Amino acid sequence: MRDLLERLLAGAPPGAEPLTHVEELPERLAQTAAWPAWAPDTLLERLAANGITTPWTHQIAAAEAAFGGQSVVVATGTASGKSLAYQLPALTALLEDDHARVLYLSPTKALAGDQLRALTTLGIPGLRPATYDGDTPIDERDWVRAHANWVLTNPDMLHRGMLPAHGRWASYFRRLRYVVVDECHSYRGLFGSHVAQILRRLRRVCASYGSAPTFVLASATAAAPAESASRLVGLPVTAVSADGSPHGATVFGLWEPPLTALRGENDAPVRRAAGAEAARLLADLVIEGARTLTFIRSRRGAELTALGAQRLLREAGLAELVPRIAAYRSGYLPEERRALEAALTSGELLGVAATNALELGLDVSGLDAVVLAGFPGTLASLWQQAGRAGRSGSASLVLFVARDDPLDTYLVHHPEAVFGRPVEATVFDPLNPYVLAPQLCCAAAELPLRPADLEMFGGPAAEAVLAELVSHGILRRRPGGWFWTARERPSADIRGSGGPPVAIIEAATGALVGTVDAGAAHSTVHTGAVYLHQGRTFVVDELDLDESAALVHPDEPNWTTSARDITDIAVVSTESSVRHGPVSVNFGTVDVTNQVVSYARRQISTSEVLDEIPLDLPARELRTRAVWYTVTPDALLAAGIAPADVPGAAHAAEHAAIGLLPLFATCDRWDIGGVSTALHPDTGEPTVFVYDGHAGGAGFAERGHGTIVEWLGATRVAIASCECVAGCPSCVQSPKCGNGNEPLDKRGAVLLLDLVLSFLRTSSRRTDSARPGGLSRATRSPLRDDGVAAGPGARDHLTGTDDRQP
């Protein structure tokens, strides 16, 4: 694979040196184990008939724990056969007891479909697997409830369709032996917090029917898998993380696209787009005959990368290779997806550009190379995608191509951040009151909540939320517990969409093109936005918020659009405040007011900003959690930052900090937002805030608070090591900045972070001093509507951006 990498380098533009680091990962040999004595011969025969003759050690260790009634998480690499770890005990239970039942949960329908096909292929006598999701026809649902003994579904359907109707599922829940939670590392943030409470509701309903199922969780390699899994299901969980599967040697290269002659916003240098670079690499790898999968962050990007690679092949006079490259993304029909997988596995297709979202549902093996166009959000996802290469045990090549942003740039210049550290721990907060409130209502509607149930749902935090629900007349407190008395069922938006979806309608025909979550509508389907749906491009003519509709027309513009917004922030309460000389570090609850004010049009081929167009959209409010630090003006002046330079220094430090936080928490930069101010009315000092982009918080800001020295240290290095002079997208510029990336002071940001880090690292004063009147975590209320204003003139001081995905 070294030779292949050298040939790829030879195709780089003259003078460019894109390869910043090469890591050679050694081959891993298989570690096998004997089949357990309790496994039925019938099952072993069917496994052997399907090519599974010798299990690996981690499969048997996890299966033994589950068979013994111990909830277990198997956290090993991609293609390590985690499915067998839960299939072995679960299928044994079904073969030994025709009344036993298994419930399988996956984050995507595609993955559930793959598992259904795998189970069906085994041909186990008496096995009756079936999917139960939003696509299941109504007339089939009764059969699934009455006859299926392995139901494959997702948390959304469990939440909306199964638990509220548990009486119709009584027989199934009564006999439930195993609950499989696949790809459990994907349950993070707000969604993960809701799933944790849904699983507690499942346990409570099962207990009411006399069952106590064993949980078997499958996860990508992750930090503290037992702790994360235990927090997810609310039970003690044993971890199996020693991977016994074989994997071929891997050459892993970090690749930084070269600078171009173009100039970006505020005359900043612009690098070649990661998608364009990935298209060139994909074409070169196909010419080499290497079966290659390229991961792109967007559906449009996947299509453009495949088209770009095909164009390069035509220009090289290799038109016969063009049909051997395709895009693979959501929106395809299942049979189209299966055909693409089969074509890639067989070698008919040599190159595929796929969206990151399909990393969980992709079923291909034997790949020679993987190209990652941009950091996928977490190290866990990076290794999951990289693991697609060499899945059959052969040697492989992986290339990580950096986008022009602070985190990607940091990673390609600091390989120890990729290869020398464990993956992140999954971050979610089951005690978020904005999660607890609707989930407790759902639980009370299913079965009255008894005092003995509260420990399962969060103890004092649950009790405090219940008191709020009772005071607002939402639940009724009686001697026996808490009751839901309304006629309609309670609801909970578990994916944080923020209200009813906005319909996307083709104006000329009235045809429904698709929908978008209400929370994302302002930034994705505003007037003038370019919207991509299943390979077709539309331009939005009008966003009607009152009717929850966006009117569009088909078009093929040569630009993309990105919304820009401004943000105000007010401190509601401070849970932790530690003073380190002139620097304070704080964590607590804030009110955020956000407004999309304009959008920029960027040329597709170069990412060059063509223009910026104003918008007139209403502001939106959010109560959430934040970490913030302050510095006294005198300390800033002594550090060489003049008062006039403070806004630009804080603004640049904020942008870069948002970009680097995903290195320490399992979030994407779109999950978080930030605000910086030269004088905040609530702190009385220059302040930099980073907050969770979901109501009540998602745990990301809290993780940043807990690792603030490491986080800000990496931020400082990312800025200082960037080769630009005054700031660029690789260090301090943000594509969503409502201030047009003005002012930004790269030098001032380095001085500011040096000052903050010097006091954080040397101060011996580590005593928390909570502010008077601060609310404790247990008393955070999701029902308060008396939001605190940001203060007179606050916006005049704000020089920040809300980088989250609304």
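The model is a predicted one, in which local features need pLDDT of at least 70 and side-chain atom pairs count only at pLDDT 80 or more, while totals for chains, interfaces and linings use all residues. Residues are numbered from 1 along each chain as its sequence is written, and side-chain values use heavy atoms, with hydrogens and water left out.

A pair of aromatic rings is described by the distance of the centres and the angle of the planes. Here, rings of Phe, Tyr and Trp (its six-membered ring) are taken to pair if their centres lie within 6.5 Å; planes under 30 degrees apart are called stacked, those over 60 edge-to-face and the rest tilted. Over the whole structure, a search finds 11 aromatic pairs. One of them joins tyrosine 86 and tyrosine 104, whose ring centres are 6.1 Å apart and whose planes stand at 50°, so the pair is tilted. Because tyrosine 86 lies in helix H4 (residues 82–96) and tyrosine 104 in strand S3 (residues 101–105), the pair ties together parts that are 18 residues apart in sequence. Helices (H or I, at least four residues) and strands (E, at least two) are DSSP runs, numbered from the N terminus. Tyrosine 86 is buried, with a relative accessible area of 1%, and tyrosine 104 is buried, with a value of 0%. The term buried means under 20% relative accessible area, exposed means over 50%, and partly exposed covers the range in between (1.4 Å probe, protein chains only).

Tryptophan 169 and tyrosine 172 have ring centres 5.7 Å apart and planes at 80°, so this pair is edge-to-face. Tryptophan 169 is buried at 1% relative accessible area, and tyrosine 172 is buried at 2%. A charge sits over a ring if NZ of Lys or CZ of Arg is within 6 Å of the ring centre and within 35 degrees of the ring normal. Arginine 231 is placed over the face of phenylalanine 428, at 4.3 Å from the ring centre.

Attention now turns to helices. Helix H12 (residues 299–315) has 17 residues and reaches 25 Å from its first C-alpha to its last, close to the 24 Å expected at 1.5 Å a residue; the expected span is 1.5 Å times one less than the number of residues. An α-helix has 3.6 residues a turn, so residues three or four places apart point the same way. The buried residues of H12 include Ala302, Thr305, Ala306, Ala309 and Leu313. After H12 comes glycine 317, whose phi is positive, near 75°.

Threonine 715 belongs to helix H24 (residues 708–721) and is buried, at 0% relative accessibility. Apart from neighbours within four places in sequence, threonine 715 is in contact (heavy atoms within 4.5 Å) with Ala653, Ala656, Ala657, Leu660 and Leu753.

Asparagine 586 lies in strand S25 (residues 583–603) and is buried, at 0% relative accessibility. Beyond neighbours within four places in sequence, its contacts include Thr574, Ser577, Trp628 and His705. The side chain of asparagine 586 makes polar contacts with the side chains of serine 577 (2.6 Å) and serine 584 (3.1 Å). A polar contact is a pair of N or O atoms within 3.5 Å; within protein, one must be able to donate a hydrogen and the other to accept it, and residues adjacent in sequence count only if both atoms are side-chain atoms. Arginine 625, in strand S27 (residues 620–631), is buried at 3% relative accessibility, and its side chain makes a polar contact with the side chain of threonine 589 (3.2 Å).

Finally, the backbone. Most residues other than glycine have a negative phi, and most peptide bonds are trans. Alanine 79, in the loop between strand S2 (72–75) and H4, has a positive phi near 65° and is partly exposed at 29% relative accessibility. Serine 548, in the loop between strands S22 (536–544) and S23 (549–554), has a positive phi near 50° and is partly exposed at 23%. A cis peptide bond joins glutamate 742 and proline 743, with omega about -10°; proline 743 lies in the loop between H24 and helix H25 (746–762).
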